[in-house]
Amino acid sequence: MGSRIFLLNYGCAVNRAEGEAMAGVLASRGFTLVDEEDKADLVLVNTCGVKTPTENKILHKLRTIGGDKKIVVSGCLPKIIGVNRILEAGNVKGVLGPAAGEEVLKAVQNVLEGSRYIRLDGEGFNNLLPCIRENRVVRKIVISQGCVGTCSYCATRFARGRLRSYNVEEIVSAIGKSVEEEVREVWLSSQDNSAYGLDNGSNIVELLRKVSSVEGTLLVRVGMMNPRGVLNHLDGIVEALKNKKFFKFIHAPLQSGSNRVLESMNRNYSVEDFTRMILKLRDEIPRISVETDVIVGYPTESSEDFEKTLEAVRTVNPDFLNISKFYARPGTPASRLPQLPTKIVAERSRILSKLALEVKERRSASWIGWEGLALVDEKGIIPESLIARNIYYKPIVLRQSVKIGSFIRVHVTSYKPNFLIGEVVEENLDEDEATKLLEEENYASINLGLRR
């Protein structure tokens, strides 16, 4: 048995996909991945640096990893806060940047042999590397690294750099291989999916069309897309999402309901642009699920600006709203601005959270009585529960025992603001039955709206 490795995987879907690949690379070379820190010879910590609380949590963890265990750190945080702060946080002997991929093998081998290994600019990741998935039926596919944006608050671009898109053939091949391994849900992930291909003559619409041709019964979730990029390809994205292979779901960050603040953030779209985009999507695909993000307490946000954000949320009525208090990240233009008092930021966050809960409750209540296809894709937080998702990516909590990775027919009986509650009507649908029901659901979602 090789040396034992414990992986701590933080951050976004891209970072977690890279962690899964590092685990796969190590396992393929004889290392043993263990599920408890105490059992490990070495702890691999794959970090995120998008928010200050996450940074603090990770640094605290590095300081408290027990005994004389050796530590290798990877991911975005070393490139955002610097290698020295990472090395000072604990018994860290190896440091890698994001997208380390096969580079992790050199780092782990050197550290276990008693050497130090530091390399921040190595990129050994690709989607065809072996991986050990956190969820055996869900595969995270990274479609690109970096972005084309210059948002004034973002430090991730310092870590990930400019846009580098993976080629279509690699992505499609990785998805096809995953389906053969009984993956049933694929996440297309990046810093900004809408920017895909701007560096190599392709585009997101072309990629989605190629992905839709992958054989097998699966559902694909398109990850975060910035509004400007969506607007540049709006008709093509709408048509792509109408394909039966895709969840009727879009994640596009609003960030602020004030054009003045959006300009200060250097976001390159207006609130009116954002609203037009959502109205178009909902007109073409009734009941499409909308996820968005809002930053509360940006340094230039006035009381009037915050009221405009509340108004925008009421207008858009998102199914999922992620609220982030503003934290200044090192090296960003926003970090040099006078910061708002913590008390004001906390109060605005509380007010927006209350509104978000009201909106989610209304959206969830409208699903009572719905019946149709869903994919059982994970265990629930509630003991003895499972979560299934319909083609609108709505989470449906189940109390019955059914197989994870199976397609079922489910009836929605009740709800909570953050999820629906359902009963299984028919379980373990075979591929032909699932495909037929998927086609029926897809037709309903596009042409008929919500079926009662």
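**Helix 1 and helix 5**

I started with how helix 1 (residues 13–28) packs on helix 5 in this predicted model. Their axes lie 9 Å apart, at an angle of about 60°. Helix 1 and helix 5 are therefore oblique to each other. I noted the handedness too: helix 1 passes helix 5 in a right-handed crossing. Next I listed the residues that meet. Helix 1 brings Met22, Val25 and Leu26, and helix 5 brings Val104, Leu105 and Val108. By class, I get six nonpolar residues in this contact, no polar ones and no charged ones.

**Glutamate 102**

I then looked up glutamate 102. It is found in the loop between strand 5 (92–96) and helix 5 (103–112). Val25 was already on my list, as a helix 1 residue in the contact with helix 5. I also checked glutamate 102 against lysine 403, which is 301 residues apart from it along the chain. Their C-alpha atoms are separated by 33 Å.

**Helix 8**

Which residues of helix 8 (residues 204–212) are buried? I find Ile204, Val205, Leu207, Leu208, Val211 and Ser212. Seen down the axis of helix 8, these fall within an arc of 160°, so they line one face of the helix. The general rule I kept in mind is that an α-helix has 3.6 residues a turn, so residues three or four places apart point the same way. What do the buried residues of helix 8 pack against? My list is helix 7 (168–180), strand 10 (185–189), strand 11 (219–222) and helix 10 (234–241).

**Serine 189**

From strand 10 I picked serine 189. It has a relative accessible area of 5%, so it is buried. Not counting residues up to four places away in sequence, serine 189 touches Ala13, Val14, Ile141, Val142, Ile143 and Ser144.

**Helix 12 and helix 13**

Last, I took helix 12 (residues 271–284) and helix 13 (residues 303–316). Their axes come within 10 Å and cross at roughly 15°. That makes helix 12 roughly parallel to helix 13. Helix 12 passes helix 13 in a right-handed crossing. On the helix 12 side I noted Val271, Phe274, Thr275, Ile278 and Arg282; they meet Ala312, Thr315 and Val316 in helix 13. By class, this contact has five nonpolar, two polar and one charged residues.

Technical notes
Residues are numbered from 1 along each chain as its sequence is written. This is a predicted model: local features need pLDDT of at least 70, side-chain atom pairs count only at pLDDT 80 or more; totals for chains, interfaces and linings use all residues. Side-chain values use heavy atoms; hydrogens and water are left out. Axes are lines fitted to C-alpha atoms, for helices over the stretch in contact, and angles run from 0 to 180 degrees between N-to-C directions. Helices (H or I, at least four residues) and strands (E, at least two) are DSSP runs, numbered from the N terminus. Angles under 35 degrees count as roughly parallel, over 145 as roughly antiparallel, 65 to 115 as roughly perpendicular and the rest as oblique. A crossing is left-handed if the near helix is turned anticlockwise from the far one by less than a right angle, and right-handed if clockwise. Contact means heavy atoms within 4.5 Å. Ala, Val, Leu, Ile, Met, Phe, Trp, Tyr, Cys and Pro count as nonpolar, Asp, Glu, Lys and Arg as charged, and the others, Gly among them, as polar. Buried means under 20% relative accessible area, exposed over 50%, partly exposed in between (1.4 Å probe, protein chains only). The arc is that of the directions from the helix axis to the C-beta atoms.
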